Amino acid sequence: MRDVAIVNYRQTPAIRNSGSTNELQMLESVIQGVIAESGVSLSDMDFVCSGSCDYLAGAAFAFVEAIESVGPFPPIKESHVEMDAAWALYEAVLKIRTGEADSALIYGFGKSSPGDLRSVLSLQLDPYYLTPLWLDTISAAALQAAQCLDRGVLSEDDMAAVVARSRANAKSVPGTQLSGDYSVADLLAEPTYVSPLRMHDCAPITDGASVMIIATPEKAKQWCDTPVLITGLDNRIESSMPTLRDLTVSSSTEIAGQKAGVNDKTVEFAELHAPFSHQEILLQRALGLDDGVDINPSGGALAANTMMAAGLDRIGHAAKLIQSGKYARGVAHATSGSCLQHNLVAVLEAAS
Amino acid sequence: MSRLAAVVGIGQTEYRSARKDVSMGGLVNEAARRALEDAGLGWDDIDAVIIGKAPDMFEGVLMPELYLADALGASGKPMLRVHTAGSVGGSTAVVAATHVTSGTFDRILTVTFEKQSESNAMWALSIPRPFSMHLNAGAGGHFAPHIREYMRRTGAPAHVGPMVAVKDRKNALKNPLAHLQIPDISLDMVMESPMLWDPIRFLESCPSSDGACALVISNEELANKGPNKPAWIRGMAMRSETMTCKGRDEVNPQAGSDCAKDIYSQAGISNPLKEVDMAEVYVPFSWYEPMWLENLGFANKGEGWKLTDAGETEIGGSIPFNCSGGVLSTNAIGASGMIRFAESAMQVRGTAGEHQVDGAKMAVGHAYGASAQFFAMWAVSSEKP
């Protein structure tokens, strides 16, 4: 199979409410930005693939308008997944592997501010047994965290330590949403929000858009000095019924990590898409990452969490960290669904 | 570089206006089990599951691949959910096949569905958004002006649309799964049915259906291991274009003709009318048959209606269109494109039953979506390339 490399990545500044700036405007700014920075043109892209969710915009076919951001006339080869754009990347990688495309542009976007996100996301549960209970995302994650605490899988101190590190790391990322210096003791002094979760254990609500360019290694070398190879890529889903799963582990992440070859060589860092602090710990264990591995140097989803792009953002940040020369090999992860139901793992390495 | 792939299993549900006997999970499971049975396989033989459907608001389930993972035996496997508007059934088949042609997987299951009775598609399509073009009165209201323009350009006589409506409903009588079964269908009955969006009459429109369609697609090595003949994928393509811009022709969209040319070139087809034995083409309103005959290269510009008028698109004609009854007889929106792809594969496998075209070797499946701006197509053959 052909190798695939990341050329460039960009995201909008992560903000809580973009106001009258719509999805298309956010996309145009990042797409034009990444195209200009890479010294390429949109017509150089053999394939375009995107990820978004109609329900965030509150209208069927909301994604249709978004393709105007790539000016699709004359016609283009294009596709869309109703998933985080990390899965759009997955589809684009398959396309390049077939040999039908040498390059692809991937984008994801989400404007969650107009709706009540935690209620909207309760519609992704079993429509007959769970959605009628309006089990919202934060409550579901709180039940998961409570089970982890009850079983002694992790402690509230561990969760607060994740948040403190995330906020501190996020200081290095311009335009992120939540960053700063916090001590574990300060964080634990905060009241609970949905017990046992405190507000800071939950990812913020973010409006934004992200874009990535990938290509064959040969083409990537023409377009940038430091292409980043995707040496492993896999995704796995598990049951939708929380009662059929052991929520204190992430079995699908474990399979995806093994298939992607995470531990075939030393892992220096990991960008994990954990919308809740306790989930980061579960992911770290599922991927077999020891204490020497830097976790979420970008601050992760707890610093900024654009729905439908936050998974792609992990891969994008990981690529940028390798391009900066700070690391040579790392893991990036994306999640979808309630309590880490569906997970994607990518292994990234500096191209030699 | 792309590897060979073939359809080795096909499963469809009965299509009805309301499948109240099954849940959404039960519906997709029914199609998937039939596809596995056709392929002589079990759930464990499947490496990945790819699902597609039209907007989540049609059922009110957000990202339904999450809920449907159990019903499709996907737990512990890779899963992907495609959504490209009305073309999604076709796009999903293409993306699913790419899982195999990329060399990443040996054998995959792909399923598309719509359970329109759970919600109201007309409502879901009519939610206004600030600063966005509003789609009034659903798809028919959107496409009627395109059809009027086609009639103006070509001078096609008014009975051609109704002829398509009659032909497809007669074909549906030979397909026990088809939703609409109207034994006494006639030109008079269609012409006398109420005008909905001039010139589209009630009986020239597709129904709202519940249903699911599934395919098992395998690589070259495994293609001949099943009990039934494979349908070899000889070409597949997707194209998208803008909704509105100067120079775009909504009546004869370039994305559609580009998509067709791409698959013909892959399949080595130079004269589609001669070399393609039948086509399953997305015709949700009768007049789209003559429009797509031209757009897909089966007729010269302005002459598509002449093929329909001469009966050439009937079973036994030079280019039979929609032998299954087509979208005019069954429209489980998210599945409609994949049903076209599946029916074209059934024809070259020789398993289409009463609506089989004798000796069909090369067939085309087609789907389109949104404002006639998204296209997905494939060419399948009984012959391995």
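**View 1. Strand β11 of chain B is largely enclosed by the rest of the structure, because eight of its eight residues (374-381) are buried.** A residue counts as buried if 20 or more other C-beta atoms lie within 10 Å of its own, as exposed if 12 or fewer do, and as partly exposed in between, with C-beta atoms placed from the backbone. Strands (E, at least two residues) and helices (H or I, at least four) are DSSP runs numbered from the N terminus. Both faces of β11(B) are covered. B:F374, B:A376, B:W378 and B:V380 are buried on one side, and B:F375, B:M377, B:A379 and B:S381 on the other. The model is predicted: local features need pLDDT of at least 70 and side-chain atom pairs count only at pLDDT 80 or more, while totals for chains, interfaces and linings use all residues. Residues are numbered from 1 along each chain as its sequence is written, and chains are lettered from A and ligands numbered from 1 in the order in which they are written.

**View 2. β11(B) runs antiparallel to β8(B) and to β10(B).** Strands pair if DSSP finds at least two bridges between them. Eight bridges join β8(B) to β11(B), with B:S240 opposite B:F374. Eight bridges also join β10(B) (residues 362-369) to β11(B), and here B:G365 stands opposite B:W378. Four residues lie between the strands in the hairpin of β10(B) and β11(B), where B:A370 takes a positive phi near 50 degrees.

**View 3. Helix α5 of chain B comprises residues 138-154 and has a kink at B:A144.** At 1.5 Å a residue, its 17 residues should span 24 Å, and the end C-alpha atoms are 26 Å apart, which agrees; the expected span is 1.5 Å times one less than the number of residues. The kink is about 30 degrees and lies shortly before the proline B:P145; the bend is the angle between axes fitted to the seven residues ending at a residue and the seven starting there. B:A139, B:F143, B:I147 and B:Y150 are the buried residues of α5(B), and they pack against β6 (200-201) and α10 (288-295) of chain B. B:G155, with a positive phi near 65 degrees, follows the helix.

**View 4. Chain B touches chain A through 53 residues of chain B and 57 of chain A.** Two residues are in contact if their C-beta atoms, placed from the backbone, lie within 7 Å. Among the elements of chain B giving two or more residues are β8 (231-240) and α8 (254-267); α3(B) gives the most, with five residues.
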